[in-house]
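Good morning, and thank you for coming.

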Amino acid sequence: MMRNEKPIIAVITALANRYAEKELLDGIISENARNGCVTVVFTVIYNIVESNNDTISEQNVYDFLRSDDISGIILLSESFVEGTIRKKIASILRECHVPIIGIGGEIPEFRSLQLPMLNTDDRADIERLTSHLIEQHGFTDIAFLSGMKESEISETRIEGFVRAMKRHNIEPNMDKVYYGDFWLESGRKLAERYLCGELPYPQAVICANDMMAYGMLERFADARIPIPEKVTVVSYEYSDMRGYYTPLLTSYKRNRFSLGTMASDHIFSIISNQTPPVFQPTHGEFVFGKTCPCQIERFDSVTELKNALQRKNNNDLSLFCSMEQKLTFCHDMDEYISVIGEFHWLIRNQKNIFLSLYSNWYDTAAERSEIIQSRSILPWSDHKVHDIKKYDLSHYFELEPEAVVCYLAPVFSGQNDFGYMALLYDHAECYEDVYRNWLKSVSVGLEFLRLKNDIRYLLSCQNISEYKDTLTGLYNLNGMKRVYSSAEYTEGKSLSLIMLRINLFPHRLNETEIRKKTEAYLGLAKMLTEFCSNRNDVGRISEDVFVYLMQGKTDASRLTDLLCAMLIQEKTYMKYAGMDSFVCTAIPCAERSWDTILDIGNQALSAAHQKIAEQRKNDAYDALLQVRSHIYTHPEITFRKDCDNMFTDRIDYFRRNYKKLFGITFHQDCVHARLARAKYFLAVSSLSISEIAEQCGYLDEKFFQRQFSKVTGITALQYRNTIFE
């Protein structure tokens with residue numbers, strides 16, 4: 001599979017499907033495509049106004065901005081409302097080492113980033129809007145409703161109003177300049193002050209955005225105040241919600257599409273090592289309605305009504321579909337994927353949709369894995385699970401080369417972060433509210449599945465104890481920490497912690513798999529107990545991590561090698577997970593703290609895990625792993641000739657890929673497989689050396705002894721006598 005060679009431009013926004021963001025994104029995505037780039041849009045489901053712990057985990061989707069696949073970043077600054085999330089975004093952006101630009105007004109939390117900020121000329125636009133009222137309608141008594149006091153956006157728009165008044169030799173009455181919050185309630189409150197007689201009606205009111213104007217119109221309509229006969233109401237920005245309020249609002253539309261294209265050209269110039277073009281904001285345009293004396297343009301209103309009707313129809317389809325109901329009956333991941341795939345039609349015009357979850361998404365107590373398991377949910381697509389690095393964004397464009405944009409939105413429940421959904425389009429497109437509601441159902445359904453399987457798992461566990469693991473009866477994290485703190489060092493012997501991480505690439509959850517998993521883990525625990533019996537201490541400190549505290553003269557790495565050899569002989573576990581499902585490491589304790597030892601061990605395990613994950617991407621991996629598993633589980637069989645026969649036409653290809661993947665030639669690995677079986681028997685049985693040689697497929701004991709000594713550096717008898725010293 002070819003790696004995606006097109007530069008990836010990331011766009012950060014709180015919501016991608018509001019009218020303002022959609023116009024900006026339309027410009028960015030289409031221009032990025034013309035520049036030979038693709039776009040990844042990072043967004044959330046809830047655009048919170050106040051900090052809320054129930055939705056805080058969805059903000060983790062912005063962590064993916066750390067991806068090395070990203071060439072440049074565009075920040076839609078005005079889309080973020082709440083200060084805490086703005087600070088989080090700013091903190092992440094400080095760690096990014098790619099060009100970053102912003103679109104919108106200056107926001108205090110982003111100011112320290114010192115970004116180039118591109119924006120429409122709000123001052124000039126408001127000046128044109130004000131001048132229209134003066135020149136076309138002869139108004140001189142005009143009020144202005146702006147946003148939050150001391151906000152740069154609010155003050156800039158007031159400046160445009162004042163400048164237009166003075167340019168027409170009208171001294172602006174600053175007592176008629178009011179502050180609001182850019183939301184409906186501000187407009188309602190100002191309208192109420194006119195209605196109750198506290199303020200005299202002006203000839204016209206200019207609102208600094210549509211939402212405040214809608215609030216005014218709503219309150220005036222309730223009081224049956226004729227607009228514009230009593231007072232003209234106009235606004236700045238323009239959204240596609242005019243059809244929901246009466247009379248139809250006249251608004252001055254910001255040229256967001258052009259702003260988006262200019263932002264794309266600006267960032268592309270920087271990443272191409274060219275001088276960015278001089279930014280010249282383009283003018284907006286009037287969209288007339290019936291709230292000022294001008295005549296409405298029929299095309300504008302008809303188009304808006306058609307779009308509003310389409311949104312309503314889509315929302316109705318979403319409201320009356322049975323996806324949520326079906327998700328509650330899912331017993332495993334296959335059923336879950338089938339249900340959400342069945343309702344893919346709710347997301348119109350999509351090219352593909354990928355559910356991308358952390359490999360340990362179901363374990364809410366564990367630190368999130370560095371591996372993402374991604375699969376398409378579309379019914380006709382290949383549902384193969386792809387194991388990818390956490391920040392691998394190119395993966396989606398490799399699978400869908402025609403896609404020009406990918407939207408990454410979180411899949412989460414409360415404070416549990418499961419991963420994200422990747423939605424791809426092959427043209428400049430933004431999703432609708434239906435998709436956000438669909439995502440909420442997807443997240444709830446996944447949490448329901450997790451809880452359902454957690455309950456089944458817990459019912460299989462007994463022996464609940466403060467220091468014991470509920471499933472295996474081994475020490476848990478607290479128990480091993482206590483054992484470690486009380487360990488006494490013996491002169492001449494070293495203390496090491498051996499860590500074993502298993503089930504690296506988990507199976508899909510269902511009742512059968514949970515039962516098999518439980519049996520495999522119990523079999524593994526029994527093997528470890530036998531391995532460590534009366535010698536040292538062993539525990540299960542998390543879902544998939546076992547530890548062994550060893551004190552002795554034997555090199556700890558030799559014990560890790562033996563532990564791996566024994567694990568390969570544990571048939572129940574190997575049948576469940578396979579021989580590429582575990583990694584092992586040994587850490588000398590050297591009187592270091594328990595937390596330090598665990599941190600070192602976890603880093604080593606993660607690196608080994610990542611190495612296997614990279615190997616799994618090779619197209620030949622599954623076939624070669626099957627071969628390798630066979631020679632390790634049946635080392636007594638002369639398998640080399642059979643394998644050569646299997647790959648008669650591609651023997652060089654086989655040998656080259658085998659060594660590339662596993663770091664050892666096939667024939668050398670056959671020897672290692674036999675010796676791994678020998679180490680197992682030497683450690684756990686009383687068989688003679690000649691009997692062990694025969695069990696491992698050697699007809700000549702002396703030849704076995706020579707091979708064992710050559711690979712391990714000691715004789716088989718020395719190995720047996722010293723392994724547990």
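In which sense do β6 and β8 pair, and over how many bridges? The two strands pair in the parallel sense, over 4 bridges. Please bear in mind throughout that this is a predicted model.

Let us stay with β8. Opposite its Cys 207 stands Leu 145. Strand β9, residues 232-237, also pairs with β8, again in the parallel sense and over 4 bridges. In that pairing, Ile 206 stands opposite Val 234 of β9. In a regular strand, side chains alternate between the two faces of the sheet. Here both faces of β8 are covered. Ala 204 and Ile 206 are buried on one side, and Val 205 and Cys 207 are buried on the other.

I turn now to helix α6, residues 184-195. From first C-alpha to last, this helix of 12 residues reaches 17 Å, close to the 16 Å expected at 1.5 Å a residue. Which residues of α6 are buried? They are Leu 184, Ser 186, Gly 187, Leu 190, Ala 191 and Tyr 194. Viewed down the axis of α6, these buried residues fall within an arc of 165°, and therefore line one face of the helix. Their cover includes strands β6, β7 and β8, together with helix α7. Just after α6, Gly 197 takes a positive phi of about 90°.

Next, the open sheet of 10 strands. With mixed pairing, its order is β5-β4-β3-β1-β2-β15-β16-β12-β13-β14. The edges are held by β5 and β14; each has a single partner strand, so one side of each is left without a neighbour in the sheet. Within this sheet, β12 and β13 pair in the antiparallel sense over 5 bridges, and Phe 354 stands opposite Ser 376 in β13. Helix α11, residues 333-342, packs on the sheet and touches β12 and β13. The direction of α11 makes about 150° with that of β12.

Finally, the nonpolar cores. The largest has 142 residues, of which Tyr 62, Leu 65, Tyr 336, Tyr 407 and Trp 438 touch the most other members. Leaving aside residues up to four places away in sequence, Trp 438 touches several residues, including Met 323, Phe 343, Ile 353 and Met 421.

Thank you for your attention.

Methods: Residues are numbered from 1 along each chain as its sequence is written. This is a predicted model: local features need pLDDT of at least 70, side-chain atom pairs count only at pLDDT 80 or more; totals for chains, interfaces and linings use all residues. Side-chain values use heavy atoms; hydrogens and water are left out. Two strands pair if DSSP finds at least two bridges between them. Contact means heavy atoms within 4.5 Å. Axes are lines fitted to C-alpha atoms, for helices over the stretch in contact, and angles run from 0 to 180 degrees between N-to-C directions. A nonpolar core is a set of buried Ala, Val, Leu, Ile, Met, Phe, Trp, Tyr and Cys residues joined through side-chain atoms within 4.5 Å. Buried means under 20% relative accessible area, exposed over 50%, partly exposed in between (1.4 Å probe, protein chains only). The expected span of a helix is 1.5 Å times one less than its number of residues. The arc is that of the directions from the helix axis to the C-beta atoms.
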